[in-house]
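I opened my notebook to look up a few things in this model. Have a look at it with me before reading on.

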Amino acid sequence: DGEWVWAVQLLREMVDTCVERHTTTYNSVVRTCTQGGEMIRALQLFAEMTDGRIEQNALAYSDAINACEGDWERALVLLREMVHSRGEPHTVTYNAAIHACQKH
């Protein structure tokens with residue numbers, strides 16, 4: 001269950017060694033943190049994407065919304081944010097938000 005620790009450590013190594021990070025890099029780490037029960041860390045990494053000027057695409061929003069398990073209000077805020085900033089979300093994004101609402 002410590003896979004998320006390794007994923008975060010590898011991401012930090014990329015930052016420290018100036019290796020370029022991409023949306024898929026962050027999506028993978030956010031997803032790994034979510035699967036490891038590290039919801040707050042997953043959302044922090046999603047927010048870090050903006051600071052690093054890394055695109056938050058539909059999949060990134062979906063992964064962040066999945067991290068909102070049990071916090072349907074936050075999930076809906078992220079969904080609305082995506083609609084406002086990126087246009088129409090993908091079906092996967094809506095499904096993630098619906099799933100977050102089910103966990104409530």
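My entries on a helix pair, a nonpolar core and a loop residue follow.

Ground rules: this is a predicted model, where local features need pLDDT of at least 70, side-chain atom pairs count only at pLDDT 80 or more, and totals for chains, interfaces and linings use all residues. I number residues from 1 along each chain as its sequence is written, and side-chain values use heavy atoms, with hydrogens and water left out.

Entry one, the helix pair. I looked up helix α5 (residues 72-86) and helix α6 (residues 91-102), which pack at an angle of about 160° with their axes 8 Å apart. The two are therefore roughly antiparallel to each other (angles over 145 degrees count as such). On the α5 side, the contact (heavy atoms within 4.5 Å) is made by W72, A75, L76, L79, M82 and V83, and on the α6 side by T93, Y94, A97, A100 and C101.

Entry two, the core. Which residues touch the most other members of the largest nonpolar core? I found V29, C33, L45, F46, I65 and L78, out of 28 residues. Such a core is a set of buried Ala, Val, Leu, Ile, Met, Phe, Trp, Tyr and Cys residues joined through side-chain atoms within 4.5 Å, with buried meaning under 20% relative accessible area for a 1.4 Å probe, protein chains only. Leaving aside neighbours within four places in sequence, V29 is in contact with A7, V8, L11 and L45.

I found R53 in the loop between α3 and α4. R53 counts as exposed because its relative accessibility is 80% (the cut-off is over 50%). Its C-alpha atom is separated by 9.6 Å from that of H22, 31 residues apart along the chain.

Technical notes: Axes fitted to C-alpha atoms, helices over the stretch in contact; angles between N-to-C directions. Helix = DSSP H or I, 4+ residues; strand = E, 2+ residues; numbered from the N terminus. Parallel < 35°, antiparallel > 145°, perpendicular 65-115°, else oblique.
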